[in-house]
Amino acid sequence: MAPARARLLACLPALTMMAAVSWVAAGGVRMTDQVDILWGPTQLLNDSDGGQTVGLSLDRVMGSGFRSKKSYLFARIDIDIKLVAGNSAGTVTTVYLISEGQWKIHDEIDLEFLGNVTGEPYTLHTNIFANGSGGREVQYRLWFDPTQDFHTYSIVWNSDEILILVDNMAIRRFRNHWDAGVPFPVYQPMRLNGVLWDADGWATQGGRVKTDWTQAPFTAYFRNYRASGCEPSGVAWVCGQDPSGGDWLGGGAAGGLDDVKQRQQLREAQERYTIYDYCTDSTRFPDGFRPKECALP
Ligand SMILES: *[C@@H]1O[C@H](CO)[C@@H](O)[C@H](O)[C@H]1NC(C)=O
Ligand SMILES: *[C@@H]1O[C@H](CO)[C@@H](O)[C@H](O)[C@H]1NC(C)=O
Ligand SMILES: *[C@@H]1O[C@H](CO)[C@@H](O)[C@H](O)[C@H]1NC(C)=O
């Protein structure tokens, strides 16, 4: 166990692994059991497997959003998303975990899908805020058309690392380097939010391409929200098990992958799909003073 984690666990109330959690209910996930649909133009569709699909829309007046009923201190979260099809320029579909707690210090794990004109690729923009500071953007080009089908996007967050996966392939890892003075979210619970909004000031091709409102409403679809995390239970935190058979709470094997496999995937994502990485942005850090974590493994 890494020293940082040992120390952390020592100062948290007991974390207990729970033997069985009803992760995959019989049939599909009923989204309304898992999330509250909060605002804006939304739809709730019945799936043939008994589950539900939430449609978030953006029209000329407003976007829309939902949020998970539960918040967690460490979790694995999976959700299937089908993005806005056709001319999605200017639209941003996001799922993000955001801190809520008595400290009100901003922690966030962010996946934003930046729309594009018909036929041009979406960008998956990721960012991590910890202890109030962000600026850790990494962007990816997806290897499939995310508007044709549902794909699974996952966040694994434990005390060692944050891992972002697309269809169970690890694309980004942000490790806990508190020891080296790099902040990491460890003490505030976070809640998942899903939002569709207009950001045509910057989202598409740097803001040059605006939203074509004649195409509105724009709709993205979400289903199969699954979460397994640590939740308060009396004086302890009780943690659910990883449905994929791995050990999400334990770090390396998150997502049911062994560490070697995960490293291969991360390398592949970096070589083939990464289109921007703050750590290699020489315009932003011209004098070479990159954020500390960029030089750490
Ligand atoms: C979905 O099913 C519920 C009952 O299970 C029904 O009340 C509702 O109208 C259905 N919605 C749609 C969009 O078909
Ligand atoms: C966390 O934030 C506090 C308040 O801004 C700051 O004093 C402290 O240095 C930060 N810690 C790290 C590791 O960045
Ligand atoms: C949109 O397509 C253009 C042209 O292929 C590309 O440069 C850009 O990165 C794509 N994504 C966004 C969000 O602008």
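Visitor: What should I know about the numbering and the model?
Guide: Residues are numbered from 1 along each chain as its sequence is written, while chains are lettered from A and ligands numbered from 1 in the order in which they are written. Since the model is predicted, local features need pLDDT of at least 70 and side-chain atom pairs count only at pLDDT 80 or more, whereas totals for chains, interfaces and linings use all residues.

Visitor: How many helices and strands does the protein chain have?
Guide: The protein chain has three helices and 17 strands, where helices (H or I, at least four residues) and strands (E, at least two) are DSSP runs numbered from the N terminus.

Visitor: Why does asparagine 116 count as buried?
Guide: A residue is buried if 20 or more other C-beta atoms lie within 10 Å of its own, exposed if 12 or fewer, and partly exposed in between, with C-beta atoms placed from the backbone. Asparagine 116 has 21 C-beta neighbours inside 10 Å, and therefore counts as buried. Asparagine 116 lies in the loop between strand S8 (108-114) and strand S9 (123-129).

Visitor: What does UniProt place at Asn116?
Guide: An unreviewed UniProt entry places the feature "glycosylation site" at Asn116; UniProt positions are given in the numbering used here, feature names are shortened, and annotations may be inferred rather than shown by experiment.

Visitor: What makes Asn116 one of the residues that surround ligand 3?
Guide: A residue is near a molecule or strand if its C-beta atom, placed from the backbone, lies within 6 Å of it, and the residues that surround ligand 3 are Leu114, Asn116, Glu120, Pro121, Thr123, Ala203, Thr204 and Gln205. This shell divides into three nonpolar, four polar and one charged, where Ala, Val, Leu, Ile, Met, Phe, Trp, Tyr, Cys and Pro count as nonpolar, Asp, Glu, Lys and Arg as charged, and the others, Gly among them, as polar.

Visitor: Which residues does UniProt list for "active site", and why is glutamate 108 called partly exposed?
Guide: The unreviewed entry lists Glu108 and Glu112. Glutamate 108, in strand S8, has 16 C-beta neighbours inside 10 Å and so counts as partly exposed. Glutamate 112 also lies in strand S8, but with 21 C-beta neighbours inside 10 Å, glutamate 112 counts as buried.

Visitor: What does glutamate 112 touch?
Guide: Not counting residues up to four places away in sequence, glutamate 112 touches Val92, Thr94 and His125, contact being defined by C-beta atoms, placed from the backbone, that lie within 7 Å.

Visitor: Why is S9 called mostly covered?
Guide: Five of the seven residues of S9 are buried.

Visitor: What makes a set of residues a nonpolar core, and how many residues has the largest?
Guide: A nonpolar core is a set of buried Ala, Val, Leu, Ile, Met, Phe, Trp, Tyr and Cys residues joined through C-beta atoms within 7 Å. The largest has 59 residues, and those with the most contacts inside it are Ile155, Trp157 and Ile171. The largest share of this core, six residues, comes from strand S15 (residues 218-233).

Definitions and conventions. Contact = placed C-beta atoms within 7 Å.
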